[in-house]
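Let's take a walk through a protein together. Please have a look at the sequence and the model before reading on.

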Amino acid sequence: MKTLKLDHSLAEMVRRGDKTSTWRIYDDKDIRVNDHIELLDKVKPGDPATWQIVGAARVDMIVEKRLGDVVAADFEGHEEFASRDEMLKTYQKYYGPQATFETPIKMIHFTMDKRTQSVVQNAMPKLIEAKLYADGGSRGNPGPSASGFAILNMDGQVVVKKGVYLGLTTNNQAEYQALKLGLEEARSMGIRQLHVYMDSLLVVNQMVGRFKVKNRDLWPIHDAIKQLVTGFKEISFTHVPRELNKIADGAVNEALNEAERSQRG
């Protein structure tokens, strides 16, 4: 079952029945109509041990449009914002400066399934220690970009592998987005000790503090990642050559190739 994570305040809205839709920019779960999804309450975002399952739901409708094209009717069953600028700042907080009013969003409308709320089980393997390989790529820099990551157990078996198309960004933004997505996935699985491997020497050196983040566009996502890092008991960052990062690199190219096929129609 696919899992969607919610901030605690939004999960409370779901419990009250006030929230029946969620908007996503990067739908790495490939949510579709009639999918059964699990909603997760991130009670304390930095402590996955506190996260709780809200329940299960069925996807009734999906609407896609640009963030700047949102109208009043779209807020039915969704939290509202004081202004358009506040809405944009909220999405930039989660997705970084590449989120603009031109960015496509997916509005996922769902109905809670009360019959399964008490029996939903998290299907993710319960790992305490794991390896994360992350990579990002841009064909043009800036150009069509994607992020990919893979989580492996300590025996080297792939537990999760995902690639996400990002749209037009730079290579560095794609690398950072890959790291962010991988860390979020690892935390949602309850992993406490994580060994991160990337072939981006820049990102690794910036994460361990050897290099300063001079590019202002990377500041928000770098800060968000530093906050994610605090949720792990132990974490390390290691630079590896590209040939040792083939799984994540493969996920990047799969996402880019799929996006190209879709655009050709």
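This is a predicted model: local features need pLDDT of at least 70, side-chain atom pairs count only at pLDDT 80 or more; totals for chains, interfaces and linings use all residues.

Residues are numbered from 1 along each chain as its sequence is written, and side-chain values use heavy atoms, with hydrogens and water left out.

Let's begin with empty space. Rolling a probe the size of a water molecule over the atoms shows where such space is left. A pocket here is an open set of points on a 1 Å grid over the protein atoms alone where a 1.4 Å probe fits, with protein on both sides within 12 Å along at least five of seven lines; its lining residues have an atom within 4 Å of a point. A volume is the space filled by probe spheres set on the points, which are joined across faces, edges and corners.

The largest pocket holds about 1,000 Å³ of space. It is lined by 36 residues, and those closest to its centre are Lys-5, Asp-7, Lys-42, Tyr-94 and Glu-184. Two or more lining residues come from each of β1 (2-7), α1 (8-16), β2 (21-24), α2 (84-95), α3 (171-188) and α5 (219-229). These names stand for DSSP runs numbered from the N terminus: helices (H or I, at least four residues) and strands (E, at least two). Helix α3 gives the most to this lining, with 6 residues. By class, the lining has 14 nonpolar, 8 polar and 14 charged residues. Here Ala, Val, Leu, Ile, Met, Phe, Trp, Tyr, Cys and Pro count as nonpolar, Asp, Glu, Lys and Arg as charged, and the others, Gly among them, as polar.

Now for the second largest pocket, with about 840 Å³ of space. Among its 28 lining residues, Ile-25, Tyr-26, Asp-27, Glu-64 and Tyr-165 are the closest to the centre. The elements giving two or more residues are β5 (104-113), β8 (158-169) and α6 (246-264), and β8 gives the most, with 7.

Next, find Gln-177 in helix α3. Is Gln-177 buried or exposed? Because its relative accessibility is 1%, Gln-177 counts as buried; buried means under 20% relative accessible area, exposed over 50% and partly exposed in between (1.4 Å probe, protein chains only). Leaving aside residues up to four places away in sequence, Gln-177 touches Tyr-26, Tyr-95, Gln-98, Ser-147, Leu-166 and Ile-221, where contact means heavy atoms within 4.5 Å.

Tyr-95 brings us to helix α2, where Met-87, Leu-88, Tyr-91 and Tyr-95 are buried. Seen down the axis of α2, these buried residues fall within an arc of 95 degrees, so they line one face of the helix; the arc is that of the directions from the helix axis to the C-beta atoms. Their cover includes β2 and α3. On the face turned away from the buried side, α2 carries the exposed residues Lys-89 and Lys-93.

Our last stop is α6, whose buried residues include Ala-248, Asp-249 and Val-252. Down the axis of α6, the buried residues fall within an arc of 160 degrees, so they too line one face. What covers them includes β6 (129-138), β7 (143-152) and β8, while the face turned away carries the exposed residues Lys-246 and Arg-264.
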